[in-house]
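Work through the exercises below with the sequence and the 3D view open. Try each task before you read its solution.

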Amino acid sequence: MFKIVHREEMAGGTVILNEIDAPLIAKKAQPGQFVILKATETGERIPLTMADTNPDKGTITIIYMVVGKSTALFRDLKTGDSFMDIIGPLGAPTHLEKMGKVVCVGGGTGVAVLHPITRALKQIGNDVTCIIGARTKDLLILETQMKAASNHFHVCTDDGSYGHHGFVTQVLENILKEQDIKLAVGIGPVPMMKAVCNITKKYNVKTLVSLNPIMIDGTGMCGGCRVSVGGKTKFACVDGPEFDGHDVDFDELMMRLRAYTEEEKMSNTTYCQATKA
Amino acid sequence: MSTPTSKTEKTSRQPMPEQEPHIRAKNFDEVPLGLTPEMAMIEASRCIQCKKPACVEGCPVNVDIPGFINHIKEGNFTAAITKIWEKNSLPAVCGRVCPQELQCEGNCVLGKKDAPVAIGNLERFVADYERKNKKASLPPKAAPTGKKVAVVGSGPSGLTVASDLVLKGHDVTVFEAFHKPGGVLVYGIPEFRLPKEIVFSEVAGLESLGAKVIVNAVIGRTISLDELFEEGYEAIYLGVGAGLPTFLNIPGENLIGVFSANEYLTRSNLMKAYRFPEYDTPVIKGKNVITLGAGNVAMDAARTALRLGAQSSKIVYRRSRDEVPARGAEVHHAEQEGVEFYFLTSPVKFSGDKNGRLTGMTGLKMELGEPDQSGRRRPVAVTGSEFDLDCDLAIIAVGAGANPLLTRSTKGLALNKWGYIVTDEKTGKTSKKGVWAGGDIVTGSATVILAMGAGRQAADSINNYLAVGW
Ligand SMILES: Cc1cc2nc3c(=O)[nH]c(=O)nc-3n(C[C@H](O)[C@H](O)[C@H](O)COP(=O)(O)OP(=O)(O)OC[C@H]3O[C@@H](n4cnc5c(N)ncnc54)[C@H](O)[C@@H]3O)c2cc1C
Ligand SMILES: Cc1cc2nc3c(=O)[nH]c(=O)nc-3n(C[C@H](O)[C@H](O)[C@H](O)COP(=O)(O)OP(=O)(O)OC[C@H]3O[C@@H](n4cnc5c(N)ncnc54)[C@H](O)[C@@H]3O)c2cc1C
Ligand code: SF4
Ligand code: SF4
Ligand code: FES
């Protein structure tokens, strides 16, 4: 059992932070790696990136958006409650290198995944520009943390309620035009990552993305997480989750993410009704 | 399957009572119901107690078959199970899944004229009887040696090593990557063929002997082999199985509805998708299902699909009926339940609709050509013979490979060109000091009993090492 030692609600309760006791994983985890969590005996195995780790305290932190039954089940766990199973650290760590000027672009809960990577890129001496965005001001997460983790910082909201009015991609394009950027990291919803890559391709800037296909084991055993990268089939859980975004078939990824839309809807409705009753 | 009373024998082979095909094809309960004590004693009386029993030679772990059968004949089931345990610690599993027709029963002298003695069914009977009545006592446990041994992987191979070494007094810990122990016995083989309660009861037995089982521990990620040594483990056994899916590399393979057998069976068995929405993990329930391959894995997938509501379930296999590698009983059960077989057919591509969902597969007819290296006639394509089959679910069950997660993250472990671990044939020792390996990660996908045999051999070698050194 893996106990929740601290819990926070963000973005008006749509995003949850859990700090969990998992000493073995905390000791090992590196930026870019994820865990698989299962809340109960009958639960699903759900992959979530570690937004932070504290090896001394023996804890890991996850930040997730509540989108369906399983993440709703996670949301309903209180401080002191436990996850039944947590497996990790999984996936290949981010390849970190001193390159010069780097830009990190995050959208939605992708910001949580981006945070440890941004911090590490700055720590090893890169000049890091960070752009984060959300639909509206209330949905923005980790603003102070991201500001601290970068050298230059930009915020965007789709509705103009805060910071730059518009998409992260517009700010990104301006930066790419003016500066000699060596690497871009884009993490967020799949359409956002696709848009980021379309722009960085124009400026010939290598771009890392973190993919989120449906997973089961997370150890390369089932092939359910397969993605097409550079025309080859890769297993995101062991070959990734980070890939060179210019080679990724985002349309196929979006398609495969819709495999269980009907079942997900049914689970979620039943769960919402049951918890309200 | 009842055999007519033979001309040469007074008593014919006792048929195994089974659920009716049309009923069982709709549920996940076990298909064979088990022999009654009376039937088991009658069946046991058919064994002529050969002086040089050929059956024993056919069994990879040399169970004393006439010995345990004689105890059954006399109604002494406790003595029978004790006899089997001398060589085989998982008889309830082996009685159900061994390819008996190629091993013990395939060698039985009665098989020359009549049906062989139902050795598998008898083994299963005594194991089930003991699980329900708990009368036998295990061999005594040796005094604690204070030596720590780590077993990586909780499949049949790892479980065998653990139970052998815990009885020899060592301090054994089993590490399992999944959230439940049992390996393929739990995530791969379906409930209707091997009830999970049997596997969990075996693991509970192991724990009651003092072995520790730690789940959610991916060795190579959560803890490395070298860290296990640092923590004071003196010997490590790798029984991590052949957990790498094989795909066909044909167009359309990433459409929604195309699964590896590993994913399909893991969703259904381990995650209990067959009980969705009571369990949260879903699986695609196809109406027209195609399974590629004809081994045990393929039979399990095709029969699972029927139970999840398929109207048609087809096995597509590139060789002919004679080459089908699955256990005879599985093929027979699959046919009874309505699985259709397309032999000498090779998949060419999958097609889908605009939402990326699978709608069909194109196949190509094959004919048998010259024998290949294995002596089997090689299937060659018949030009222009492409044809289309409708399907909304396709399961690829054409074999598995070596999962590199652990082996690639471990220094000093010699691998062969396919990525399997190289070991000493007699002892199971790897090229890394203090590390043994066995089961599917050494041989490639094989059988439960071979994985157990490798485990027993390595356990002896480990025990020896802990006493006298490498
Ligand atoms: C390596 C990796 C890291 C991730 N990190 C984060 C993170 O840090 N924060 C975060 O908010 N989300 C993250 N995700 C996405 C997260 O796993 C899904 O949002 C979650 O599984 C949804 O489950 P659900 O039951 O609540 O929603 P559902 O109703 O089941 O589905 C909602 C959406 O989630 C997708 N999904 C469903 N099941 C899975 C599954 N088993 N694996 C992956 N996706 C699935 C579906 O395609 C659908 O688009 C990550 C995914 C991966 C693969
Ligand atoms: C669907 C199916 C049906 C089959 N039917 C039959 C049959 O009827 N008869 C028969 O004799 N054989 C059958 N087999 C084959 C048989 O199951 C295998 O040969 C046997 O299970 C191999 O045993 P093993 O102990 O080597 O590995 P496995 O049973 O594969 O167990 C390996 C275990 O190690 C774990 N593991 C892997 N990597 C790590 C790691 N890094 N850290 C920790 N744990 C790890 C895995 O999660 C798994 O639990 C079947 C196989 C399948 C897939
Ligand atoms: S272990 Fe398998 S091969 Fe050996 S006697 Fe039992 S069923 Fe036959
Ligand atoms: S070969 Fe057949 S008849 Fe002879 S001992 Fe073995 S089971 Fe009995
Ligand atoms: S999740 Fe199974 S192979 Fe990646």
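**Exercise 1. Helix 9 of chain B**

Task: Find what the buried residues of helix 9 of chain B pack against.

Solution. 
Step 1. The buried residues of helix 9 of chain B pack against strand 1 (148–152), strand 2 (171–175), helix 10 (184–187), helix 11 (196–208), strand 4 (233–238) and helix 18 (448–468) of chain B. Contact means heavy atoms within 4.5 Å. Helices (H or I, at least four residues) and strands (E, at least two) are DSSP runs, numbered from the N terminus.
Step 2. Know your source. This is a predicted model, in which local features need pLDDT of at least 70, side-chain atom pairs count only at pLDDT 80 or more, and totals for chains, interfaces and linings use all residues. Residues are numbered from 1 along each chain as its sequence is written, chains are lettered from A and ligands numbered from 1 in the order in which they are written, and side-chain values use heavy atoms, with hydrogens and water left out.
Step 3. Check the cover. In helix 9 of chain B, 12 of 12 residues are buried. Buried means under 20% relative accessible area, exposed over 50%, partly exposed in between (1.4 Å probe, protein chains only).
Step 4. Check the length. Helix 9 spans residues 156–167 of chain B and reaches 17 Å from its first C-alpha to its last, close to the 16 Å expected at 1.5 Å a residue. The expected span is 1.5 Å times one less than the number of residues.
Step 5. Look just past the end of helix 9 of chain B. There, Gly169(B) takes a positive phi of about 95 degrees.

**Exercise 2. The shell around ligand 2**

Task: Which residues come nearest to ligand 2, and which polar atoms lie by its oxygen atoms?

Solution. 
Step 1. Of the 34 residues around ligand 2, the nearest are Val97(B), Glu176(B), Arg193(B), Ile219(B) and Asp440(B). A residue is near a molecule or strand if one of its heavy atoms lies within 4 Å of it.
Step 2. List polar contacts (pairs of N or O atoms within 3.5 Å). A polar side-chain atom of Asp440(B) lies 2.9 Å from an oxygen atom of ligand 2. A polar backbone atom of Val448(B) is 3.0 Å from an oxygen atom of ligand 2. For Pro156(B), a backbone N or O atom lies 3.4 Å from an oxygen atom of ligand 2.
Step 3. Work out the cover. The protein covers 93% of the 1000 Å² of accessible area that ligand 2 has on its own. Accessible areas come from the Shrake-Rupley method with a 1.4 Å probe.
Step 4. Assign the elements. Helix 9, helix 14 (296–307) and helix 18 of chain B each give two or more residues to the shell around ligand 2. Helix 14 of chain B gives the most, with 3 residues.
Step 5. Sort by class. The shell around ligand 2 has 18 nonpolar, 11 polar and 5 charged residues. Ala, Val, Leu, Ile, Met, Phe, Trp, Tyr, Cys and Pro count as nonpolar, Asp, Glu, Lys and Arg as charged, and the others, Gly among them, as polar.

Terms used. A polar contact is a pair of N or O atoms within 3.5 Å; within protein, one must be able to donate a hydrogen and the other to accept it, and residues adjacent in sequence count only if both atoms are side-chain atoms.
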